[in-house]
Every structure is written in C-alpha cells, then in structure tokens.
Amino acid sequence: MRRVTESSPVSLDEVRALAHGRFGDMVKGVVDLARGVLLLDADMHADQEGDLLAEGSRQADLWGINLYPEVDGDEWLEFDSMINLRPSFGNRSRGVDDPATRAAIAGFVARVVRR
C-alpha cells in the first residue's frame with residue numbers, strides 16, 4: 001500500500017501505475033480526514049481501513065474512495081465503498097452522504113495527488 005500525506009504526496013503518474021498494476025483503471029483508497037492520511041492500492045478498502053484502525057485512526061474519520069486517473073474532472077474521484085455504509089454514524093449509503101465531508105475529502109485528495 002502507498003501512504004500519502006501532504007508531506008509525502010503522490011503524482012498522477014504513480015496513481016496511474018498503481019491502477020494498472022491492480023485493477024487496470026482504478027485505485028482504491030481510504031482517507032483519514034482527522035489524521036491527514038490516504039492509503040492507496042489494496043484489493044479491498046477494508047484492508048486499508050484495518051491498517052489505519054491499527055495505527056489509531058477512528059472509524060468515524062475513515063472514508064473509502066476510488067480514483068480513476070484516466071478520467072478528467074470531478075468524476076475521477078468516486079465515493080463508493082462498503083466501509084462507508086455506517087448508519088450508526090449517519091451514513092446510510094456506500095457513498096458519502098454529507099456534502100461537507102465529500103468536499104473535505106475532495107479537497108484533501110486535491111492537495112495530496114499532484115495532477
């Protein structure tokens with residue numbers, strides 16, 4: 001897995017390479033908004049989630065995303081993961097229901113992925 005932070009960003013070319021190495025067109029990632037960490041490149045979001053929880057992340061701060069490096073515009077970032085389905089935290093879908101949380105995730109990804 002590739003750990004991405006503001007002090008250790010990732011290039012779009014590296015995201016492309018990760019995508020081609022596993023799924024072809026997409027890279028799975030989990031964002032910890034509180035700690036400012038993005039883990040990329042695993043078979044399942046749950047694997048990344050487990051690693052972050054083991055490091056001390058809080059479940060409520062973790063969000064699963066998918067990056068499509070060949071897609072232009074906002075559609076390159078997809079909010080779709082089984083780990084997002086958490087009714088007890090107010091998220092009732094595989095997406096990210098809260099617009100402010102979606103915006104925070106998109107802003108963080110824009111800062112740490114050099115496009």
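**Figure 1. Contacts of Val113 in the predicted model.** Val113 touches Val10, Val15, Leu67 and Trp76, leaving aside residues up to four places away in sequence; contact means heavy atoms within 4.5 Å. This is a predicted model, in which local features need pLDDT of at least 70 and side-chain atom pairs count only at pLDDT 80 or more, while totals for chains, interfaces and linings use all residues. Residues are numbered from 1 along each chain as its sequence is written, and side-chain values use heavy atoms, with hydrogens and water left out.

**Figure 2. The largest nonpolar core.** A nonpolar core is a set of buried Ala, Val, Leu, Ile, Met, Phe, Trp, Tyr and Cys residues joined through side-chain atoms within 4.5 Å. Buried means under 20% relative accessible area, exposed over 50%, and partly exposed in between (1.4 Å probe, protein chains only). The largest core has 21 residues, of which Leu38, Leu40, Ile65, Leu67, Val109 and Val113 touch the most other members. Helix 1 (12-22), strand 3, strand 4, strand 5 and helix 3 (99-112) each supply at least two residues of this core. Helices (H or I, at least four residues) and strands (E, at least two) are DSSP runs, numbered from the N terminus. Another core, of six residues, lies apart from the largest one and includes Val30, Leu52, Leu62 and Ile83.

**Figure 3. Strand 4 and its partners.** Two strands pair if DSSP finds at least two bridges between them. Strand 4 pairs in the antiparallel sense with strand 1 (residues 2-4) over three bridges and with strand 3 over four bridges. Leu40 is the bridge partner of Arg2, and Leu38 that of Val31. In a regular strand the side chains alternate between the two faces of the sheet. Here Val37 and Leu39 point one way, Leu38 and Leu40 the other way, and all are buried. In the hairpin of strand 3 and strand 4, with four residues between the strands, Gly36 has a positive phi near 65 degrees.

**Figure 4. The two sides of helix 3.** The buried residues of helix 3 are Thr101, Ile105, Phe108, Val109 and Val112. Seen down the axis, they fall within an arc of 100 degrees, so they line one face of the helix; the arc is that of the directions from the helix axis to the C-beta atoms. The face turned away from this buried side carries the exposed residues Pro99, Ala100, Ala103 and Ala110.
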